[in-house]
Amino acid sequence: MVRQRSILSLILVLVTTFLISCGGPSVATAPPTYTPDQLAKIQVYVPDIEVVRDRSEELKTLIKSGEWIDVGNFIHGPITEARLNMTYVIPNLLPQDQPKARQISKDFLSHLVKIDQAAKVGNTSLALSSYKDAFVDIDKFLQLIPEEVNS
């Protein structure tokens, strides 16, 4: 009886070893990538965001010269449209980038509000400080854009 248990144990060890060795290597999951549809959607909105970033000096000049009505028009026109485009891009980013993009978009809005408030009271220093922060936000957002779009 003891001998049969030893043989049975040996057979179970051999079968277990065989089954473990037959289970192939685990397949590593590929990192998430963008689909062509996501890239196409992002491609539609990014140029408008880049145009606003490229017009940053225009806003700076308006603030420095105290043209507050034009500052307000710029904020409520092209810059607000750029923020809207950001919100259209966010759902098409990779899932791990979306929370960061949302936070950048919120920060961007906060800086736009500060510029607008400064423009209403004619506070040049607050407007310039918030202007710099707003365009830093745009640059941070554009860094999240896949390279395939920027090619």
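Trainee: In which helix is the place of N85?

Mentor: Helices are DSSP runs of H or I, at least four residues long, numbered from the N terminus. N85 sits in helix α4, residues 68-89. This is a predicted model: local features need pLDDT of at least 70, side-chain atom pairs pLDDT 80 or more, while totals for chains, interfaces and linings use all residues. Residues are numbered from 1 along each chain as its sequence is written, and side-chain values use heavy atoms, without hydrogens and water.

Trainee: Why does N85 count as buried?

Mentor: Buried means under 20% relative accessible area, with a 1.4 Å probe and protein chains only. N85 has 6% relative accessibility, so it counts as buried.

Trainee: What does N85 touch?

Mentor: Contact means heavy atoms within 4.5 Å. Leaving out residues up to four places away in sequence, N85 touches Y45, D48 and I49.

Trainee: Where is the kink in α2?

Mentor: A bend is the angle between axes fitted to the seven residues ending at a residue and the seven starting there. In α2 the kink is about 30° and lies at Y45, shortly before the proline P47.

Trainee: Which residues of α2 are buried?

Mentor: Residues three or four places apart in an α-helix point the same way, because a turn has 3.6 residues. In α2, the buried ones are Q38, L39, I42, V46, I49 and V52.

Trainee: Which residues of α6 does α2 meet?

Mentor: V46, I49, E50, V52 and R53 of α2 meet F135, I138, D139, F141 and L142 of α6.

Note on methods: Helices (H or I, at least four residues) and strands (E, at least two) are DSSP runs, numbered from the N terminus. Buried means under 20% relative accessible area, exposed over 50%, partly exposed in between (1.4 Å probe, protein chains only).
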